[in-house]
Amino acid sequence: MATSKIKKGDLVRVMTGKDKDKEGKVTSVDLKNHKVIVEGINMVTKHSKPSAQNQNGGIVHQEAPIDISNVMYVHKGKTTRIGFKLEGDKKVRYAKSTGESID
């Protein structure tokens with residue numbers, strides 16, 4: 001499977017949809033379905049039944065997945081595309097706008 005350009009913990013900006021221009025931290029990445037969950041973005045309301053963990057049940061607000069193509073990596077306050085290059089024998093991500101290594 002190919003390496004993902006967006007990883008858990010990255011700061012991203014939403015480019016399209018109802019949360020356009022909002023920024024948040026990636027909490028999880030689903031490579032199989034090409035989705036990411038971003039902290040505080042794409043909030044949905046779920047109705048939950050009472051259970052052992054949630055005694056009262058009720059309405060719960062949580063983040064829903066957003067397509068990975070709708071977010072861009074934020075590097076030094078600006079959005080940038082991400083590429084891969086070899087540094088020595090290691091494959092590293094780099095910001096295409098500045099050419100700087102990310103990890």
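This is a predicted model: local features need pLDDT of at least 70, side-chain atom pairs count only at pLDDT 80 or more; totals for chains, interfaces and linings use all residues.

Q: How many salt bridges does the structure hold?
A: The structure holds 4 salt bridges, and we can go through some of them in turn.

Q: Okay, which side chain does E23 meet in a salt bridge?
A: The side chain of E23 meets that of R13, with a distance of 2.3 Å from N to O. E23 belongs to strand β2 and R13 to strand β1, so this pair ties together parts that are 10 residues apart in sequence.

Q: What does K22 form a salt bridge with?
A: K22 forms a salt bridge with D19, and the closest N and O atoms of that pair are 3.2 Å apart. K22 is partly exposed, at a relative accessible area of 40%, whereas D19 is buried, at 9%.

Q: Where does D19 lie, then?
A: D19 lies in the loop between β1, which covers 11-14, and β2, which covers 23-30. It counts as buried because its relative accessible area of 9% is under the 20% cut-off.

Q: Which residues is D19 in contact with, leaving aside its neighbours within four places in sequence?
A: With those neighbours left aside, D19 is in contact with V14, I41, N42 and M43.

Q: What about E100, which residue does it form a salt bridge with?
A: E100 forms a salt bridge with K76, where the closest N and O atoms are 2.9 Å apart. E100 lies in the segment after β10 (90-95) and K76 in the loop between β7 and β8, so the pair ties together parts that are 24 residues apart in sequence. E100 is partly exposed at 33% relative accessibility, while K76 is exposed, with a relative accessible area of 63%.

Q: Switching to G77, where is its place?
A: G77 is in the loop between β7 (71-75) and β8 (78-80), and it is exposed, with a relative accessible area of 53%. From C-alpha to C-alpha, G77 and A64 are 25 Å apart in space, and they are 13 residues apart in sequence.

Q: Now the rings: how many aromatic pairs does a search of the whole structure find?
A: That search finds 0 aromatic pairs.

Q: What sits over the ring of Y94?
A: The charged end of K85 sits over the ring of Y94, at 4.8 Å from its centre.

How values were computed
Residues are numbered from 1 along each chain as its sequence is written. Side-chain values use heavy atoms; hydrogens and water are left out. Helices (H or I, at least four residues) and strands (E, at least two) are DSSP runs, numbered from the N terminus. Buried means under 20% relative accessible area, exposed over 50%, partly exposed in between (1.4 Å probe, protein chains only). Contact means heavy atoms within 4.5 Å. Rings of Phe, Tyr and Trp (its six-membered ring) pair if their centres lie within 6.5 Å; planes under 30 degrees apart count as stacked, over 60 as edge-to-face and the rest as tilted. A charge sits over a ring if NZ of Lys or CZ of Arg is within 6 Å of the ring centre and within 35 degrees of the ring normal.
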